[in-house]
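Dear colleague,

Please find below the structure we discussed, together with its sequence. My notes on it follow directly after.

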Amino acid sequence: MKNIIFIAPPAAGKGTQSDLLVKKYGYNHISMGDLLRKEASEKSEIGKEVDEVIKSGNLVTDEMILKLTDKALETIEEPYIFDGFPRNMSQAKILEEALIRFNKAKPITIYLDVSKEEAFKRGTGRLNCPTCGKIYHKHLDEVKPKTEWICDDCKVDLVSRNDDSEKAFTVRYENYIEKTLPLLDYFKNKGELYVIENPMFPMETFAKIEAIIK
Ligand code: ADP
């Protein structure tokens, strides 16, 4: 099973696909957003700073990313998924060097090519379970909860992320276009890029990913 980097606009479905890969194939999922939200929940000075940056929709410093990457790669078993990392060229270098340092096999990159319009629709209707982290959506039938806005498994009220407001989402999207999209050429030139066009339905997308990783 191949190691994976997911590249996609915010809210395109990286987390949903990662969850499916974890359940079916035992992938180890490193979500940079989750690691940062954990960091932000600590009431330290650094935690507060990270919280502010996430709320604004901007990217946290490479220094923080380097620290979290090292911590994750130190213990992680293969196959792994990097979800939300790298997000710019300097992070691509951080990852390249860290993989050598920790003697891990290189990942392939899967790009979920979602339009701006679709990304905004998904981003602003997203709901999360505060207990298990499962991701649902208000407008996508395949990932709606069985009972309105209650987690199917934990039976608790679902919540929206504080950076899924329209304003923060716009900043996240702009950062993605400016800083993350140029990475596609970088991975393409290395011959490590796979593209999934217009991934509308989670299970259909998952089948395409399965065909790539096997
Ligand atoms: P999404 O992919 O939907 O934007 P994430 O949960 O991956 O959501 O990220 C949420 C926020 O965490 C980002 O908007 C950013 O502030 C921060 N973040 C996540 N990954 C990175 C990264 N690799 N570099 C810098 N900041 C990041």
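Please bear in mind that the model is a predicted one. Ser18 belongs to helix α1, which spans residues 14–25. The side chain of Ser18 also takes part in a polar contact of 3.5 Å with the side chain of His29.

The ligand

The ligand is surrounded by 20 residues, and the closest of them are Asn58, Gly84, Arg87, Gln91 and Arg172. By class, the shell around the ligand comprises eight nonpolar, five polar and seven charged residues. Helix α2, residues 32–41, contributes the most to this shell, with four residues.

At Asn58, a backbone N or O atom is 2.4 Å from an oxygen atom of the ligand. At Arg37, a polar side-chain atom lies 2.9 Å from a ligand oxygen. At Lys14, an N or O atom of the side chain is 2.9 Å from an oxygen atom of the ligand. On its own, the ligand has 540 Å² of accessible area, of which the protein covers 97%.

The cysteines

How many disulfides does the structure hold? The count is zero. A disulfide is a covalent bond between the sulfur atoms of two cysteines. For Cys132, the closest cysteine sulfur is that of Cys129, and the distance of 3.7 Å is too far for a bond, since the cut-off for a disulfide is 2.5 Å. Cys154 is likewise in no disulfide, and its nearest cysteine sulfur, that of Cys132, is 3.7 Å away.

The aromatic residues

The model contains seven aromatic pairs. In one of them, the ring centres of Phe120 and Phe169 are 4.9 Å apart and the planes stand at 80°, so the pair is edge-to-face. This pair links distant parts of the chain, with Phe120 in helix α6 (residues 116–123) and Phe169 in helix α7 (residues 166–180), 49 residues apart. Both Phe120 and Phe169 are buried. Together with Tyr173 and Tyr176, Phe120 and Phe169 form one aromatic cluster.

Is Gly191 buried or exposed? With a relative accessibility of 61%, Gly191 counts as exposed, because the cut-off for that class is over 50%. Gly191 sits in the loop between α8 (183–189) and β7 (193–197). From Gly191 to Lys134 the separation is 57 residues in sequence and 33 Å in space, taken from C-alpha to C-alpha.

Ser160 lies in another loop, between β6 (135–137) and α7. At a relative accessible area of 47%, Ser160 is partly exposed, because this value falls between the cut-offs of 20% and 50%. The C-alpha atoms of Ser160 and Ile135 are 9.9 Å apart, while the two residues are 25 positions apart in sequence.

With kind regards

Methods: Residues are numbered from 1 along each chain as its sequence is written. This is a predicted model: local features need pLDDT of at least 70, side-chain atom pairs count only at pLDDT 80 or more; totals for chains, interfaces and linings use all residues. Side-chain values use heavy atoms; hydrogens and water are left out. A residue is near a molecule or strand if one of its heavy atoms lies within 4 Å of it. A polar contact is a pair of N or O atoms within 3.5 Å; within protein, one must be able to donate a hydrogen and the other to accept it, and residues adjacent in sequence count only if both atoms are side-chain atoms. Accessible areas come from the Shrake-Rupley method with a 1.4 Å probe; for residues, only the protein chains shown count as cover. Helices (H or I, at least four residues) and strands (E, at least two) are DSSP runs, numbered from the N terminus. Ala, Val, Leu, Ile, Met, Phe, Trp, Tyr, Cys and Pro count as nonpolar, Asp, Glu, Lys and Arg as charged, and the others, Gly among them, as polar. Rings of Phe, Tyr and Trp (its six-membered ring) pair if their centres lie within 6.5 Å; planes under 30 degrees apart count as stacked, over 60 as edge-to-face and the rest as tilted. Buried means under 20% relative accessible area, exposed over 50%, partly exposed in between (1.4 Å probe, protein chains only).
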